[in-house]
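Dear colleague,

I am passing on the structure below, and my notes on its charged pairs and strands follow it. Please read them alongside the coordinates.

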Amino acid sequence: YNRTKQKGGSMPYSANRLSLRVEVSDEAWGSDASFVRLRGRAGWIGSAGDNHRFVTRVDGGAILMETLRSLPPSLRFFAGGDNSIRGYSYETVSPRNDEGELTGGRYMLTGSLEYQYRLSGNWWLATFTDYGSAWDDTPDWVQGVGAGVRWASPVGPVSLDLAFGLDQPGGGSGFQLHFSLGPEL
């Protein structure tokens, strides 16, 4: 199920999106694994006057099966990146195996809150915080914060963000540069 509503052109002053997905597989159908995979996304854009916008997003999922060992990594959950938790590289928020390799999680939940202020014309400044995790048994929540610039182009918003991951493993540098083009939800 997918539903999107918006008003206001390439940088809408009002918008909302809801997406729900259920995937089912069974070994009786020739699959390598039997599972049910649930995924949901919701987002909202609102405005206060002509110069203030708010963007929120929530994304979650769960895999229902006994063990993930037979499930390919492409079906497991990872977080991090432009449309997930900024301040972390793409899909680097995930459980790790004994060798330190990312394995993907059984569950995932992320959220984002962003405030945008119009500088002039089609140019906006943004500040944001993202929070979430992908996990098997116990979530290891991480947070990213940052600021960016938005340009309301004719084909949709063009975003450039500088984000900092507050919970980097090993105390490494958490600065990431994120670029995106297209709808914010």
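**Buried charges and paired strands**

Asp161 is buried, with a relative accessible area of 4%, where buried means under 20% relative accessible area, exposed over 50% and partly exposed in between (1.4 Å probe, protein chains only). This is a predicted model, in which local features need pLDDT of at least 70 and side-chain atom pairs count only at pLDDT 80 or more, while totals for chains, interfaces and linings use all residues. Residues are numbered from 1 along each chain as its sequence is written, and side-chain values use heavy atoms, with hydrogens and water left out.

The side chain of Asp161 meets that of Arg150 in a salt bridge at 2.6 Å, N to O, the term requiring a side-chain nitrogen of Lys or Arg within 4 Å of a carboxyl oxygen of Asp or Glu. Asp161 lies in strand S8 (residues 156-165) and Arg150 in strand S7, 11 residues apart; strands are DSSP runs of E with at least two residues, numbered from the N terminus. Arg150 is also buried, at 1%.

Arg86 forms a salt bridge with Glu114, with the closest N and O atoms 3.0 Å apart. Arg86 is buried at 2% relative accessibility, and Glu114 is buried at 3%. Together with Asp130, these residues and the pair Arg150 and Asp161 are linked in a network of salt bridges.

Strand S5 (residues 107-120) runs antiparallel to strand S6 (residues 123-135), joined by 13 bridges, pairing being assigned if DSSP finds at least two bridges between two strands. Within S6, Phe128 is the bridge partner of Glu114.

Best regards

Key
Helices (H or I, at least four residues) and strands (E, at least two) are DSSP runs, numbered from the N terminus.
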